[in-house]
Amino acid sequence: MILKFLLKYVFFLLIIAGLFGFNAHKFYVSVTNLEYREDLKSIQIITKVFADDFEDILKLRYAEEVILSPESESNHADELIDRYIQAKFKIELDGVKQELNYLGKKYKHDQIHLFIEIADVEQFKKAQVSNLLLTDMFDDQKNLIHFKKDGKTKSAVNLKSDAKALLKFN
Amino acid sequence: MNKLSILLSSFILLFTVQVNFAQEEKDDTQQGKMNENKFRQMYDLLATPNSFRTAAGAPGHEYYQNTADYEMDIVLDDKTQRIQGKASVTYTNHSPNVLEYLWMQLDQNIREKESIAKEKDGKGYDPLMMPDNFVETYLGEEFDGGFNITSVTKNGSPLPHKINWTMMRVDMAEPLQPGESYTFEIEWNYLVNNHVTNRARSGYEHFDKDGNNAYVIAQFFPRMAVYNDVEGWQNYQFWGNGEWALPFGDYEVNITVPADHIMEATGELTNRKKVFTKEMMNRYKEAQSSFDEPVMIVTQEEAEKAEKGFAEETKTWQWKAEMVRDFAFATSRKFIYDAMNVKVGDREVMAISLYPKEGNPLWEEWSTKAVASTLETYSNYTFDYPYHKAISVHAKNQGMEYPMICWNYGRPDAQGNYSDRVKFGMISVIIHEVGHNYFPMIVNSDERQWGWMDEGLNTFMQYLAEQEFGEKYPEAIKGYDKYPSRRGEPSQIVDYMKGDQNYISPIMSNPENVYQLGNNAYGKPATALNILRETIMGPDLFDYAFKTYAQRWMFKHPTPDDFFRTMEDASAVDLDWFWRGWFYSTDYVDIGIKGVKTYIPTNTPTKEAKELLAQYGITDPENYPGTADAVYVLEIGGEEFDESMLSDNPLENAPKLNEFILDNFSETERRNMEIPKYFYEIVFEKPGGLVMPIIVEYTYEDGTSEKVTYPAQVWRLNDKEVSKTLATSKRIVEINLDPDLETADVDLSNNAWPTEENQSEFDKFKESKD
């Protein structure tokens, strides 16, 4: 049963990948706002993703039925989201890999806002952000990054084909 | 403000301007420059007006457009998913020019095996690949969906033609003279793609469970390209993003499908009695007099029964459409069909929905109502819907528009459950796609060149239509205070506009050359128009101008210039700065408060004033006749300020001003006069490149507040910084910029005085969790 389910989705994924056509009114973009809060020694992260795509990728990767919706959310939704974030979202500060703590989420319109925190962060000069959420679903997924530190914001884009963005703060 | 405070404010202003001027003189020698003023008129960007298109933005007295009429016979083979077609095309040259050749569009060729569109993007190797993916990518058999053009003839003789990928040149024996028509015949066939697995704007969905296909078919025939005064032949190849440029014309189309199919298409069904059952005819008549609730013409029960049929015989549906720019149809034996009538002005229009049972229970409830509501809203803002029907067809995963008919997503799960997200997603996409009937199906802009002209205007209108839908059907938005629109509100475009400039293009870009088509062609132009309507022009002026544009260009081919010019021409609002900033650049809005100074009036000349006056040779201003009675302003907390100067009587330090008031105002006037105690100078800065009005909310010590808007023109002499003065009798305790988030300001941290540490969204979330 599970095997069949998995195969179906793998098939779906394969066909989408590598084709040039696109859906006239659907675009694959997420936005991530990161802020270094020196006063709290933490990096506060809010990632906004489309809920339907996010639900689909969780089903696809973990071969489990999951519903992401404020009215009828699956019990294990947060557990799967956390697992997915740990797999696809990586941050290094001055070359040191950081631990991302997924705190929870909020639903807004057709999007989900994911709240993620990195704790005990001392001052740093370089941040390498690699947010590959949903790029395993859509080749043309674009993840926009805005990193605010000391009143300045640096922006970048993570793509499947350009997975790491190095942001320098001086 | 009363007279006196105006008097004082203007003094402070004059004073400030002069001081700034004096500082400028200290600068070293500077280089000259071209006109870089953000308010300069757009002569450098707009086309020179002519007799085809006027400077007012209207069609000129020699405006022309060519037409293309089609008579077609189409046969769909459901077993092989192949379409066979033959057409007689009549092209009429209304231009003053002789045409040596004609160009047709072969859009399906983007799906041919060797299509170069597959190589349009750069791509690296994925670090790992699933074995199946590897096989698919490197060893697989590719889908071959291009057109096979089997014959192009004129009166039975072969006509020379040249196919250049998605374009075909037809070489006539003699050039086509102005005013003449040319009729020729084409035969072709192609393999229809599965639009679910092979993302596309046309195709079929296969239902494994019952073995049926649901077809939503478009771009299925070679279509004439547009020839006009701005592009010549618009034969820019179809690379996948930029949609279409199509001439208007009349269509007669016979479509043959399995006999048990239910079909809808662009145009009037001329053999309804032959293809509808008696029962369907009766219900259709009933629907024509139902204005509140849709009438089921094919019920779910009937559709489920038909699903099992797989008829071997066929039926031909005959369609006739006038003044349309394209033709599309949907056909399947799975379709449920409902309809109701809607009144638009003095016209009656049928609102129709087709959906497989998989769309229920959602589609039967909202689709047709969403169609009807959209026609009402859009007609109010533009023109009465001129066609006799509008159809929403359910297709998985896609939203796509054609004249009178469109495909829309939104499907419950296998158990028939759906979330609010699915419901609103579906209603929104229906509103959007039905709305496309106005832009670009009737106001027929060139989509190949300008994606935003239809998508941006339509997404803007979609927002208004969604909000009205919520008001008309409160039960549809239960649990929300208004319809949850995804695009249109200024705050929703901020994340895009503040982004990495390497990945942002101006709105005025070809759809192939943008990084984020959704934000570029839909979100940003829709938001810009919303801001224009709500904040810059006001709904009255905007709506009149927008309607003028729609009516001027109804059934014609407008360009961006025609839109920009009409919006100004019909409103007397100079918008060149707005178009230049929002549409031609990637600048963003960021306006902040740099500082606030408080002054009191005094008759004692300040050091600054003395220095200034000295430059004019006035060394003893207190005794100089012209300045003896002058009022000066002294900064509270400044060098010359002394705490003792603060008093309840604001005129204590300015006895001469006091005397002036006594001499020039009557007792009654003085009693009603509120003498200001506080004189503020607020310095606004503009780190963002976009020019916008400064919207300020001043909050006073007694808790009252006042909202003031300084026009965008305040930035015309200094694009970085501007000061404003305010004389008040109450102390200002708080100043907030753009308090209602109307301008898409990307950085709100400089919008308040005194600077306050607002709890961030993140902090609030974390607190709610603890």
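This is a predicted model: local features need pLDDT of at least 70, side-chain atom pairs count only at pLDDT 80 or more; totals for chains, interfaces and linings use all residues.

Trainee: Which residue in strand 19 of chain B stands opposite Glu264(B)?

Mentor: Glu264(B) has Ala330(B) opposite it in strand 19 of chain B.

Trainee: What sheet does this pair belong to, and in what order do the strands come?

Mentor: The sheet is open and has four strands, in the order 9-10-19-15 (chain B), with antiparallel pairing. Its edge strands are strand 9 and strand 15 (262–265) of chain B, each of which pairs on one side only. From one strand to the next, the twist averages 10°.

Trainee: How many bridges link strand 10 of chain B to strand 19 of chain B?

Mentor: Three bridges link strand 10 of chain B to strand 19 (residues 329–332) of chain B, again in the antiparallel sense. Within that pair, Tyr215(B) stands opposite Thr331(B).

Trainee: And what about strand 9 of chain B and strand 10 of chain B?

Mentor: Those two strands run antiparallel and are joined by five bridges. Phe207(B) has Asn212(B) in strand 10 of chain B as its bridge partner. The two strands form a hairpin with four residues between them, and Gly211(B) in the turn has a positive phi of about 80°.

Trainee: Why is strand 10 of chain B described as largely enclosed?

Mentor: Six of the six residues of strand 10 (residues 212–217) of chain B are buried, so the strand is largely enclosed by the rest of the structure. Both of its faces are covered: Asn212(B), Ala214(B) and Val216(B) are buried on one side, and Asn213(B), Tyr215(B) and Ile217(B) are buried on the other.

Trainee: Changing topic, which residues have the most contacts inside the largest nonpolar core?

Mentor: They are Ala351(B), Leu375(B), Val393(B) and Ile405(B), in a core of 213 residues. Helix 11 of chain B gives the most to this core, with ten residues. Leaving aside residues up to four places away in sequence, Leu375(B) touches several residues, including Val342(B), Ala351(B), Tyr385(B) and Val434(B).

Trainee: How do helix 11 of chain B and helix 12 of chain B cross?

Mentor: The axes of helix 11 (residues 517–537) and helix 12 (residues 539–552) of chain B come within 7 Å and cross at roughly 135°. That angle makes helix 11 of chain B oblique to helix 12 of chain B.

Trainee: Which residues meet there?

Mentor: Leu532(B), Arg533(B) and Met537(B) in helix 11 of chain B meet Pro539(B), Leu541(B) and Phe542(B) in helix 12 of chain B. Five of the residues in this contact are nonpolar, none is polar and one is charged.

Terms used. Residues are numbered from 1 along each chain as its sequence is written. Chains are lettered from A and ligands numbered from 1 in the order in which they are written. A residue is buried if 20 or more other C-beta atoms lie within 10 Å of its own, exposed if 12 or fewer, and partly exposed in between; C-beta atoms are placed from the backbone. Two strands pair if DSSP finds at least two bridges between them. Axes are lines fitted to C-alpha atoms, for helices over the stretch in contact, and angles run from 0 to 180 degrees between N-to-C directions. Angles under 35 degrees count as roughly parallel, over 145 as roughly antiparallel, 65 to 115 as roughly perpendicular and the rest as oblique. Two residues are in contact if their C-beta atoms, placed from the backbone, lie within 7 Å. Ala, Val, Leu, Ile, Met, Phe, Trp, Tyr, Cys and Pro count as nonpolar, Asp, Glu, Lys and Arg as charged, and the others, Gly among them, as polar. A nonpolar core is a set of buried Ala, Val, Leu, Ile, Met, Phe, Trp, Tyr and Cys residues joined through C-beta atoms within 7 Å.
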